Amino acid sequence: MQAPGAGSASVVSLVLLWLLGLPWTWSAAAALGVYVGGGGWRFLRIVCKTARRDLFGLFVLIRVRLELRRHQRARHTIPRIFQVVARQQPDRVALVDAGSDVCWTFAQLDAYSNAVANLFCQLGFTSGDVVAIFLEGRLEFVGLWLGLAKVGVEAALLNVNLRCEPLTFCLGTSGAKALIFGGELAAAVAEVSGQLGKSLLKFCSGEVGPEGILPDTQLLDPLLKEASTAPLAQPPDKGMDDRLFYIYTSGTTGLPKAAIVVHSRYYRIAAFSHHAYSMQVTDVLYDCLPLYHSAGNIMGVGQCLKKFSASRFWDDCVKYNCTVVQYIGEICRYLLKQPVREAEGRHRVRLALGNGLRPAIWEEFTERFGVRQIGEFYGATECNCGIANMDGKVGSCGFNSRILPHVYPIRLVKVNEDTMELLRDAQGLCIPCQAGEPGLLVGQINQQDPLRRFDGYISESATSKKIAHSVFRKGDSAYLSGDVLVMDELGYMYFRDRGGDTFRWRGENVSTTEVESVLSRLLGQTDVAVYGVAVPGVEGKAGMAAIADPHGQLSPDALYQELQKVLAPYARPIFLRLLPQVDTTGTFKIQKTRLQHEGFDPRQTSDRLFFLDLKQGHYLPLDQGVYTRICSGAFAL
């Protein structure tokens, strides 16, 4: 990009002409001509097009870094920072539960969290202990983890969709000494209570269901009413680099892993989103995301609630005068699927912040709902290479400066597309991707820098799998995101796939996300999951689409007629699976693990299956006889 040859030649020519006695203006003009003629015009073009964006990004980076260093030197923590804010504006509304219309001011949230801190201090919990929280999203959720943090106890935030083995696994790996669960989840806890061990203290928050209180369980709310709401006399000696809580990965590729969130990471994520999108203290943020997830609990709560409802979304935004909304996964598509309603034109939302907005519906979303800015970002709870789209580039999830790439040391590196193994050069270093080349996103690790540290997971083996060495230079360490992105000439990055979400068929790479977007659009924003399945004796993987068809109205042949118009032959799904609903995670991301495992074998499911007979040009119902013929090679693929 920097045309080093042209740059060197221009400097040499400048010196020579100056030595010959020519005026410096002539020398400079000649040197510039040599630079531009030698290919340097490309770099100048990039500078002209991205300087404003990069300078603003640099400003945000420096500002967050300075704030973090100030808090580190002062030995601040998230609870201490919150208490300062609460004292400054005690009567200002901090949280609103849109489901019940209950509001908490900063003073009320501070008092509730103080009661939690005092109670668990009296119960003998000390700094470093772990308490698991298994609670639907409501105001108490925030007060509980904040109160535990005030006494130095680390909360393990459990996904409310966990049941049976995954639930016991997450509780076991967290090392929790106590479990706080909502009354609405008592049945899930009862299913595994025999496997939790007698030493685990159990507290039930909220209303108890008709089945009554579980054995060996204490009601939390009466205990909190008796606890002091005064600040702790002796707060724990913790700093920004100490652990705050644990957030579990979504588990799309196996059992969830507990990611470590330290105080500086919480602050970094919240501060970046605040400054990158010029948020103000007067903004009202509509947070419909799960509070056990980093986007909802850090980006959302960190700016200071309810389940996502597409039908009430804009009505709530009008009712509560929201100016910022959050989205994730398929939420934007669910909103587009809703009939037009009057509230869409009365809201004051200026910014939609999140990740997972498909490029195919990006402009349709902004035009229909009148949202001026999309704040699409990329980042996992534990990663050190998060990026953000600060200037609204359609489809981009962020950028890295082409002018000053070393200011924020992240990089796309080449990998084996089938195994995701890093490719290295003759010196043993990773090979950086050029513009337009897809590659694995990595971030250089520096544990002394709060912007570049990687704290990993509770499991040391899981942590070690996410670290590679000698990536940027010999002996260094880098975080492996597991995600493939591509960067254009101006440094904008675009999410391609999470490792494994592309497959090869007929010698071509098929992007599952692109095929999903096409199918979903053709079917009126229906839930669709596309994945590759192995066919015996056939090279590569054939495309298979699982489509939500709850009423059994979809016509496979009519769909095929439309697919021929919009998809290349190699991208058209060979197999269809029509099912009542497509599974999603708690963060609205399509679940494919079970679908991929079951493949196109009719013995594995009672859903309607279809096979594309390429010779006849239409989909055949896929029964056991057709399955046997496919596996024996009777059909041409």
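Which residue lies over the face of Tyr492, and at what distance from the ring centre? Lys393 takes that place, 5.4 Å from the centre of the ring. Tyr492 also has the charged end of Arg53 over its ring, at 4.5 Å from the centre. The model described here is predicted.

**Aromatic pairs**

Across the whole structure, a search finds 20 aromatic pairs. Two of them are set out below.

| Pair | Centre to centre | Angle between planes | Arrangement |
|---|---|---|---|
| Phe313 and Trp314 | 5.0 Å | 75° | edge-to-face |
| Phe454 and Tyr479 | 4.9 Å | 50° | tilted |

Phe313 and Trp314 are both buried. These two residues also belong to a cluster, linked by ring pairs, that contains Tyr286, Phe313, Trp314, Phe365 and Phe369.

For Phe454 and Tyr479, the planes stand at 50°, so the pair counts as tilted. Phe454 lies in the loop between β17 (439-444) and α14 (460-465), whereas Tyr479 lies in strand β19 (residues 477-487), so the pair ties together parts that are 25 residues apart in sequence. Both Phe454 and Tyr479 are buried.

Another aspartate, Asp97, is placed in strand β1 (residues 93-97). Asp97 counts as buried because its relative accessibility is 11%, and the limit for that class is under 20%. The side chain of Asp97 reaches the backbone nitrogen of Gly99 at 2.9 Å. Asp97 and Gly137 are 40 residues apart along the chain, and their C-alpha atoms are separated by 9.0 Å.

**Nonpolar cores**

In soluble globular proteins, nonpolar side chains tend to be buried together. In this model the largest nonpolar core has 119 residues. Which of its members touch the most other members? They are Phe120, Trp145, Leu158, Leu179 and Phe245. Leaving aside residues up to four places away in sequence, Phe120 touches Phe125, Val131, Leu148, Ile180, Phe203 and Leu220.

**Cysteines**

The count of disulfides is zero. Cys385 illustrates the reasoning: its closest cysteine sulfur, in Cys383, is 4.4 Å from its own sulfur, which is too far for a bond, because a disulfide requires sulfur atoms within 2.5 Å. Is Cys385 buried or exposed? With a relative accessible area of 0%, Cys385 is buried. Cys121, by contrast, has 41% relative accessibility and counts as partly exposed.

**Helix α15**

Helix α15 spans residues 512-522, and its buried residues include Thr512, Val515, Glu516, Ser517, Val518, Leu519 and Ser520. Just after α15, Gly524 adopts a positive phi of about 70°.

Definitions and conventions:
Residues numbered from 1 in each chain as written. Predicted model: local features only at pLDDT ≥ 70, side-chain atom pairs only at ≥ 80, totals over all residues. Heavy atoms only, no water. Buried < 20%, exposed > 50% of the residue type's maximum accessible area, 1.4 Å probe, protein only. Helix = DSSP H or I, 4+ residues; strand = E, 2+ residues; numbered from the N terminus. Phe/Tyr/Trp six-rings, centres within 6.5 Å; stacked < 30°, edge-to-face > 60°. Lys NZ or Arg CZ within 6 Å of the ring centre and 35° of its normal. Polar contact = N/O pair within 3.5 Å; in protein donor to acceptor, adjacent residues only side chain to side chain. Core = buried A, V, L, I, M, F, W, Y, C linked by side-chain atoms within 4.5 Å. Contact = heavy atoms within 4.5 Å.
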